Protein chains: 2
Amino acid sequence: MKFALPGMLLIAAALLAQGPAQFTADGELKRPANYREWIFLSSGVGMTYGNQTAQNEANPAFDNVFVEPSAYREFVKTGMWPEGTTFVLEVRRSESETRIGKAGKFQTKAIATEASVKDKRFPDGWGYFDLGTGPSAKVLPQTAACYTCHKNNTAVENTFVQFYPTLMDVAKAKGTVKKTYVE
Amino acid sequence: MKFALPGMLLIAAALLAQGPAQFTADGELKRPANYREWIFLSSGVGMTYGNQTAQNEANPAFDNVFVEPSAYREFVKTGMWPEGTTFVLEVRRSESETRIGKAGKFQTKAIATEASVKDKRFPDGWGYFDLGTGPSAKVLPQTAACYTCHKNNTAVENTFVQFYPTLMDVAKAKGTVKKTYVE
């Protein structure tokens with residue numbers, strides 16, 4: 001048996017240790033160490049709200065979106081995000097596939113990780129972060145483009161659920177798509 | 001507290017219920033119901049081993065690769081896949097992003113789900129499946145292109161770890177990249 005019970009208990013323990021976003025004493029968001037093991041929502045390529053300097057026409061950047069598992073479970077049940085929800089947007093360079101086919105692009109080096117957090121401490125209820133490479137990050141100033149774009153162009157709350165096909169179905173079923181959102 | 005303990009225990013219970021691939025009495029692979037909650041390895045776009053008929057030049061298909069969590073943990077520890085490892089490859093159509101930017105592509109409808117399983121019951125140690133839409137699927141015949149392509153073009157065992165950047169780093173560190181693999 002390679003899938004031993006202790007290993008599975010470790011996984012369970014890892015999950016039990018997750019939950020709402022964690023902040024330092026001076027209000028910085030702690031870097032989520034294991035976001036690659038969170039729930040994947042979707043990826044896009046060449047989405048211009050990614051890191052544009054990392055893109056070129058031949059090999060545009062990918063963005064992967066992950067959400068913390070307990071927030072995901074709540075959204076599946078209700079179509080809404082609970083307080084403390086954390087998203088991570090990971091931006092990766094792409095390369096062209098040249099071995100098997102000739103047309104594809106695949107992901108390589110991570111070049112940026114950003115986060116958004118639902119928390120009442122932020123004026124609009126959501127804060128945005130460039131995680132950089134340190135152990136924690138300050139919230140971006142209210143003048144950052146994230147705030148207006150996430151307020152004006154998102155399908156559910158301040159989140160781009162229109163780009164997460166499995167969750168858009170949930171939001172439609174639960175009636176939580178914003179009335180102002182036009183498909 | 002929106003992140004109540006019962007919810008977290010449910011997550012833990014869901015994970016504890018996972019593990020090696022499950023087969024019906026007559027040897028068909030049971031469809032993994034919750035693969036979207038497995039570990040995401042990477043996505044590509046326009047990769048020609050996807051469903052080519054679903055692609056066109058303007059909006060090529062995306063492929064998302066997920067692996068069952070306990071197999072992932074084992075790979076992170078050893079750089080090898082345990083018996084029973086299950087991968088799901090999900091192919092989704094793309095659309096062009098026209099609201100925020102003008103250049104990006106995002107994922108929409110799922111149009112195919114395929115699986116690969118490491119199991120000694122298969123001649124080469126790995127079996128490949130088109131999951132279709134039913135509750136279980138027969139293994140594809142040994143003449144299917146999957147077998148030779150996964151044997152000849154993969155970086156670790158019969159898996160395309162070269163396209164999963166976080167795992168390629170693990171395989172290099174553990175020395176499990178195939179000697180025949182040329183980057």
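Start with Glu157(B). It sits in the loop between α3 (145–152) and α4 (165–174) of chain B. Keep in mind that this is a predicted model. The phi of Glu157(B) is near 50°, a positive value in a residue other than glycine. Most residues other than glycine have a negative phi. Burial needs 20 or more other C-beta atoms within 10 Å. Glu157(B) has 19 C-beta neighbours inside 10 Å, so it counts as partly exposed.

Now chain A. Glu157(A) lies in the loop between α3 (145–152) and α4 (165–174) of that chain. Its phi is near 45°, again positive and again not a glycine. Glu157(A) has 19 other C-beta atoms within 10 Å, so it too is partly exposed.

How many helices and strands does chain A have? Four helices and seven strands. Along the sequence, the order is α-β-β-β-α-β-β-β-β-α-α. Chain A has 183 residues, and 43% of them count as buried. Take the contacts in chain A with a separation of 6 or more: 52% of those are between residues 24 or more positions apart.

Next, the strands. Strand β4 of chain A covers residues 86–96. Eight of its 11 residues are buried, so this strand is mostly covered. What joins β4(A) to strand β3 (residues 62–67) of chain A? Six bridges, and the two strands run antiparallel. β4(A) is also joined to strand β5 (residues 105–118) of chain A, by 10 bridges, again antiparallel. Follow one residue, Leu89(A) in β4(A). Opposite it stands Val65(A). In β5(A), its bridge partner is Glu114(A).

On to helix α2 of chain A, residues 69–78. Several of its residues are buried, among them Pro69(A), Tyr72(A) and Phe75(A). Just after α2(A) comes Gly79(A), with a positive phi of about 75°.

Last, the core. The largest nonpolar core has 80 residues. Which residues have the most contacts inside it? Leu41, Phe66 and Val67, each from chain A and from chain B. Look at Val67(B). Leave aside its neighbours within four places in sequence, and it is in contact with Trp38(B), Ile39(B), Leu41(B), Tyr72(B), Thr85(B) and Phe87(B). Leu41(B) is on both lists: a contact of Val67(B), and one of the residues with the most contacts inside the core.

Key: Residues numbered from 1 in each chain as written. Chains lettered and ligands numbered in written order. Predicted model: local features only at pLDDT ≥ 70, side-chain atom pairs only at ≥ 80, totals over all residues. Buried ≥ 20, exposed ≤ 12 C-beta atoms within 10 Å, placed from the backbone. Contact = placed C-beta atoms within 7 Å. Core = buried A, V, L, I, M, F, W, Y, C linked by C-beta atoms within 7 Å. Pairing = 2+ DSSP bridges.
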